[in-house]
Amino acid sequence: MIRIVTGILAALLLVSCFESEHNGTGIGPALLVSPDDASRTVATLDAVPVPDATFESWVAGHNPDARACRNCHGPGMTGRTSRTLPEQRAAHWQVSLVHAPGMTCRDCHVAQDPGSLELLGESKLGFEFANELCGKCHSDQRQDWLGGAHGKRLTGWAEPRVIKTCAGCHNPHSPALETRMPVAQPTIAPDRAKKAGH
Amino acid sequence: MFSFFKDGIVVATTGGRAYHLWMGALSLVMIVGGYAYSVQFREGLVVTGMTDHVSWGLYISNFTFLVGLAAAAVMIVLPAYVLQDVDFSRAVLVGEGVAVSALVMCLAFVTADMGGPTRLWHMMPGIGYFNFPQSMLTWDVLVLNGYLALNLLIPMYVLYQHYHGRQPRRNLYVPFVFLSVFWAFGIHLVTAFLYAGLTARPYWNTSLLGPRFLASAFAAGPSFIIVSLVMIRRFTEYKIKDETLHKLGLIVTVAAQINLVMLASELFKEFYWPTHHSLSARYLFFGLHGHNALTGWIWTAIGLNVAMTAILTIHPLRRKVKVLVPAATVLFFAIWIEKGMGLVVPGFIPSPLGEIVEYAPTAIELLVSAGILALGLFVFTVLAKVAVAIETGQIGKGPTGEH
Amino acid sequence: MSNEQKPIDFAGFMRLLTSGADPRIERTERAGSCGSGCECDPEIERSGGLGNKKMSRRASLAAMFGGAVATAGVVRAAANPLEAEAAKERKALEWEEYFKGNFRLMTPAERQQTISRLERLAEMKTGRDVHIAGTQARPNVLYGYAFNISTCRGYRDCVKACVLENNQDRRSNMQYIRIFEMENGRMNLEDGKADYFHDVPAEGHFYLGTQCFQCENPPCVTVCPVGATWKEPDGITVIDYDWCIGCRYCEAACPYWARRFNWAEPVVPAEQVNPRQHYLGNRPRKKGVMEKCTFCIQRTREGQQPACAEACPTGARIFGNLLDPNSEIRWVLANKKVFRLKEDLGTDPKFWYFMD
C-alpha cells in the first residue's frame with residue numbers, strides 16, 4: 001500500500017520537475033522506497049544539478065529518460081585512463097572528480113555500461129539506486145538519511161515523508177557543498193540614541 | 001470634611017515668593033516632561049534608548065529606586081506610632097508624605113514604560129485578566145497600590161483628627177500602622193523578587209537581592225527624609241528637634257553599613273572565581289570587551305557610598321547637622337546610581353545569548369523622567385505644606401495632647 | 001456549555017449605535033460560528049464561558065462610550081459620503097476591537113467576530129485581502145524541533161524566509177532567528193558571532209541557530225501580568241498581540257532571548273505582506289506589543305513545515321510531532337546524541353541540537 005502511495009507521489013514529483021525545467025538547475029527525479037524499513041514511507045527526489053542549460057532542455061525535450069547517459073557518453077569508459085584520453089575528456093569536460101582521494105570513475109560507474117552504476121565491483125545498479133551506492137561508504141549518513149536526521153525534507157512535517165536523495169544536494173563527482181555569502185544580516189545594536197535625535 | 005480639603009487647597013496654593021517659584025519651576029519641568037511623553041506616546045518607545053537587548057532602562061531603574069524610597073517611610077512609622085517615640089512622631093508625617101509621592105512617581109514611571117498604556121485596563125480583575133499569583137508584576141501592582149492607600153489613609157486620618165482638634169483613636173489606626181509596616185517590607189521585597197525570580201538573568205537571580213534592596217532603601221529613604229526635615233525646619237514654623245535628625249542619621253548609617261557588607265559579599269562571589277554568570281558584574285565594574293558605559297558611574301557610586309558611610313560611622317561627625325545633611329544627600333544619590341542604573345541595566349548585558357548591546361538614555365527619556373520626578377516633588381511639597389499647616393495649627397484647631 | 005449562552009454581539013451593538021449599512025454583516029455570517037471544521041478544545045470552551053461574562057462588562061463600557069465617538073466621526077467626515085461611511089465603519093471596528101477580550105478566553109463566536117473585524121480592517125488599511133485563521137491545535141500533536149549543528153552552513157536562508165513569512169518589521173530589521181558562528185572547540189554563545197558577513201561556512205567554524213524553543217515550562221508565560229501569552233495544547237507559546245500591554249517582563253524573563261518588542265509601529269510594505277495569517281501567528285502587529293517565533297503556527301497547524309525548516313537548503317532543521325513515534329524528530333532524539341541550551345534552568349525546551 002505504502003509503495004503504491006509513494007509511487008504515485010513520485011510520479012507526480014517527476015512530472016512537476018520536468019515541468020519546471022527552466023527554473024535554475026536541471027533536476028532529474030528518481031524514487032526509492034527504503035528496503036530496510038518498509039513501515040516508514042521514504043520517498044525521495046533525486047536532483048542532480050546539471051549546469052548546462054542546453055543539455056538539460058535537450059534531455060527534457062527529447063529523452064525523458066535522463067538516466068540514459070549512454071545517449072551522450074557513448075561506450076568505452078576504461079579505468080584510470082578514461083579521463084586522460086582526448087575523446088573521453090570531450091565527453092566529460094565538465095566533470096571534475098573531487099571526491100575521496102584516489103577515486104576513479106570506475107569506482108562507481110560500470111566501464112562498459114555507462115548507464116549503470118557499480119557497487120564496488122559487486123553488481124550493476126540503475127541510477128535510481130544511486131543512494132545505495134553512496135551508502136556503501138557513507139553508511140552513517142545513509143542511516144541518518146533513512147531515519148530522518150540527514151537530508152532535505154520536501155513535504156510538510158506530517159506524512160508522507162519526501163526527502164531529496166544524496167545527489168539531490170551533493171554533486172556525486174564533487175560532493176562537498178560550495179561556500180557562499182549569507183543573506184539577511186542581522187542588526188545587533190540599533191542606534192537608538194541617534195534615531196531619537198531627530 | 002469639606003473645609004478640611006478646602007483649607008488644604010488654600011494652603012497648597014498660597015505661599016511666599018520662593019514657594020511659588022519652586023512650584024512654578026516644578027510645573028514647568030512637568031509640562032516639558034509631559035510634552036516629551038506625548039512624543040513617546042505617538043512614536044513608540046523607539047524614542048528611548050531601550051532595545052530588545054536592554055529592554056528596561058531609566059524608567060524602571062527609577063521605579064526600582066523609588067519603591068525603596070517609599071518603603072523606607074516605615075523606618076519612622078514604626079517607632080513613631082507603635083513605640084510612641086516622641087522624636088519620630090514629628091517626622092512621621094513627612095515620612096509618609098515621602099512614601100506617597102514616591103509611589104506616585106513609581107506608578108508614573110511604570111506607566112511611562114508601558115508599550116500600550118491605553119490597554120492597562122487588561123490588568124483589571126473583572127474586565128481584564130489579572131495573572132495572580134503567578135506573575136510577580138501582579139504582586140507588585142497589589143502591594144504598591146495597597147501601600148499607597150495605607151499611606152494616604154493613615155496620615156489623612158491623623159491629620160483630619162488634628163484639624164478638628166481631636167486626638168486620633170489609637171485602636172482605629174494602629175492596626176493599619178502595623179499592616180503598613182509589614183507592607184513596606186512587602187513592597188520592596190516583592191520588587192526585588194520581580195528581578196530575583198528571573199533565572200534568565202543571573203545578575204539578578206540571587207537571594208541577596210531582596211535584603212540588599214531593603215538595606216539600600218533604608219539608607220536612601222531616611223536620608224531623603226533628613227533633608228526634607230531640615231528644609232521644612234528652615235522654611236516653616238514646624239519644629240524639628242536635632243534629636244530626630246540624629247536618630248534618623250543612625251538608621252541611615254546602620255543601613256548603609258549593612259548595604260556595604262552585602263556589596264562586599266556580592267563582589268566576592270562574583271570575582272573570586274568569576275563564571276559565566278559573573279559577566280554582568282564584570283561589565284558593570286570593569287567593562288566587557290571594550291564596553292564600559294557604566295564603570296565610571298558604579299565606581300563613583302561605590303566610592304561615595306564608602307566615603308559617606310565612613311563619615312556617618314564617626315559619631316561626632318554624624319551628630320553635626322552640617323555634616324549629616326550633605327552626607328545624607330550624597331549617599332542618597334550614590335544609592336540612586338547603584339540601585340537604579342547599576343542594578344537594572346547590567347542585568348541585560350550581556351544578553352542571554354551573550355550579545356553585548358549597551359544602553360544610554362535619550363533626551364526624551366531624561367525629560368520624561370525629570371517630569372515624573374518633578375511630579376513627585378510637587379506632590380510631596382503639597383502634602384508636606386498642608387500637613388505642616390495642620391500640625392502647627394495654621395489651619396484647623398491644631399493637634400492636642402501630643403508633645 | 002458556553003455554546004448555550006448567547007455570545008455578545010458586538011456588531012449588533014455597533015449597528016444600533018451607528019445605524020448605517022454594515023458591510024461586515026455578510027462577512028461575519030460567512031465566517032459563522034466555529035463551523036469551519038476546527039475542533040474546539042473543551043478547556044477553551046470552559047474558559048470561554050468565563051470570558052463571556054467578562055465580555056458583557058466590557059461590552060457595556062463600549063456601548064457607553066461608543067456612541068459619542070461614532071457620532072464625532074460622522075460629523076468630521078461628512079464631506080464625502082463614501083469616505084464618511086468608510087471612516088465611520090473603521091472607527092466602529094477599531095472601537096469594538098479596543099474592547100474585545102483575551103483570545104484565549106473568547107468563545108468560538110467571539111473569535112470569529114474579531115477575526116472578521118481584523119480582516120476587514122486589514123482590507124481597509126492596506127487594500128489587501130488577508131485571511132486570518134484561528135485554527136486550533138491538532139489533537140495528539142506536540143511540536144518539536146531538532147537542529148543539526150554539523151550541517152548548518154550559516155547561509156541564513158531560514159532567517160530571510162522567517163521574516164518574509166511572519167510579516168516582521170522591516171524598518172528595525174526584526175528577526176526571530178539568530179545564527180551564531182562558533183569557533184570549533186568552543187560551546188559558549190558569548191564567543192559566537194551573529195552578524196558575520198563573509199563566505200560561509202568559514203574555515204574552523206560551525207553554526208548554531210537559536211529562536212524560540214517553545215519551552216514546555218516557559219518562564220515568559222508565568223511572568224505575564226495579563227495572561228497575554230500562553231502555551232497552546234500543541235506546545236507552541238503564543239501571544240495575543242491585542243491583549244499585550246507591552247511591559248516587556250517576558251522579554252526579561254526569557255533565557256533564550258526569543259522575544260521581540262515593537263519599539264515603533266512595524267512597517268511591512270503592503271505588497272510584501274503575507275496574506276495567509278493566523279490570529280496567534282503572523283498577523284501584523286502594532287507598536288508597543290511583544291512578538292515571537294510561533295513555529296509558524298499558520299503553517300504548521302496546516303501540516304506544513306515552519307518557513308525556516310522549509311527554507312533550509314541543507315536539511316539541518318528537523319521539525320515534527322513529538323507524539324508520533326514514526327516522526328523524524330523522534331528518530332533523531334532516539335538515535336542521535338542531542339543537547340539543549342541551558343537545560344539547568346528547568347525550562348524544558350522543545351528544541352534540540354545534534355551532530356552528524
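**Note on a predicted three-chain model**

1. In chain C, strand E2 and strand E12 (residues 351-354) run parallel to one another and are joined by four bridges, helices (H or I, at least four residues) and strands (E, at least two) being DSSP runs numbered from the N terminus, and two strands counting as paired if DSSP finds at least two bridges between them. Within this pairing, C:Asn148 has C:Phe354 of E12(C) as its bridge partner.

2. The model is a predicted one, in which local features need pLDDT of at least 70 and side-chain atom pairs count only at pLDDT 80 or more, while totals for chains, interfaces and linings use all residues. Residues are numbered from 1 along each chain as its sequence is written, and chains are lettered from A and ligands numbered from 1 in the order in which they are written.

3. The sheet to which E2(C) belongs is open and has four strands, in the order E10-E2-E12-E11 of chain C, with mixed pairing. Its edges are formed by E10 and strand E11 (338-339) of chain C, each of which has a single partner strand, so one side of each is left without a neighbour in the sheet. On the other flank of E2(C) (residues 143-148), five bridges join that strand to E10(C) in the antiparallel sense, and C:Tyr145 is there the bridge partner of C:Phe319.

4. Chain C as a whole has 11 helices and 12 strands, and 54% of its 356 residues are buried. Of the contacts in chain C between residues at least 6 apart in sequence, 68% join residues at least 24 apart, a contact being a pair of residues whose C-beta atoms, placed from the backbone, lie within 7 Å.

5. The contact between chains C and B draws on 41 residues of chain C and 34 residues of chain B. On the chain C side, the elements that give two or more residues are helix H3 (42-76), helix H7 (219-223), helix H8 (249-253) and strand E7 (259-261), and H8(C) contributes the largest share, four residues. By class, this side has 23 nonpolar, eight polar and 10 charged residues, where Ala, Val, Leu, Ile, Met, Phe, Trp, Tyr, Cys and Pro count as nonpolar, Asp, Glu, Lys and Arg as charged, and the others, Gly among them, as polar.

6. Chain C also meets chain A, with 38 residues of chain C in contact with 24 residues of chain A. Helix H6 (157-165), E10 and helix H11 (328-335) of chain C each supply at least two residues to that side, whose composition by class is 13 nonpolar, 15 polar and 10 charged residues.

7. For helix H8 (residues 170-196) of chain B, 27 residues at 1.5 Å a residue should span 39 Å, and the end C-alpha atoms lie 38 Å apart, which agrees; the expected span is 1.5 Å times one less than the number of residues. The buried residues of H8(B) include B:Trp183, B:Ile187, B:His188 and B:Tyr195, and among the elements covering the buried residues are helix H7 (136-163) and helix H9 (209-235) of chain B.

8. Not counting residues up to four places away in sequence, B:Leu69 touches B:Val98, B:Ala102, B:Ala217, B:Ala220, B:Gly221 and B:Phe224.

9. Chain A calls for a careful reading of confidence. Its pLDDT (the predictor's confidence in each residue, from 0 to 100) averages 62, with 44% of the residues scoring at least 70. Within chain A, confidence is lowest in helix H2 (residues 53-62), at a mean of 36, and highest in helix H6 (residues 139-147), at 91. Over residues 1-41 of chain A the pLDDT is below 50, although the model gives this stretch 60 contacts beyond near neighbours in sequence.

10. A:Lys164 lies in strand E5 (residues 162-164) of chain A and counts as buried, with 21 C-beta neighbours inside 10 Å. A:Asn131, in helix H5 (residues 130-137) of chain A, is buried with 24 other C-beta atoms within 10 Å.

Conventions. Contact = placed C-beta atoms within 7 Å. Buried ≥ 20, exposed ≤ 12 C-beta atoms within 10 Å, placed from the backbone.
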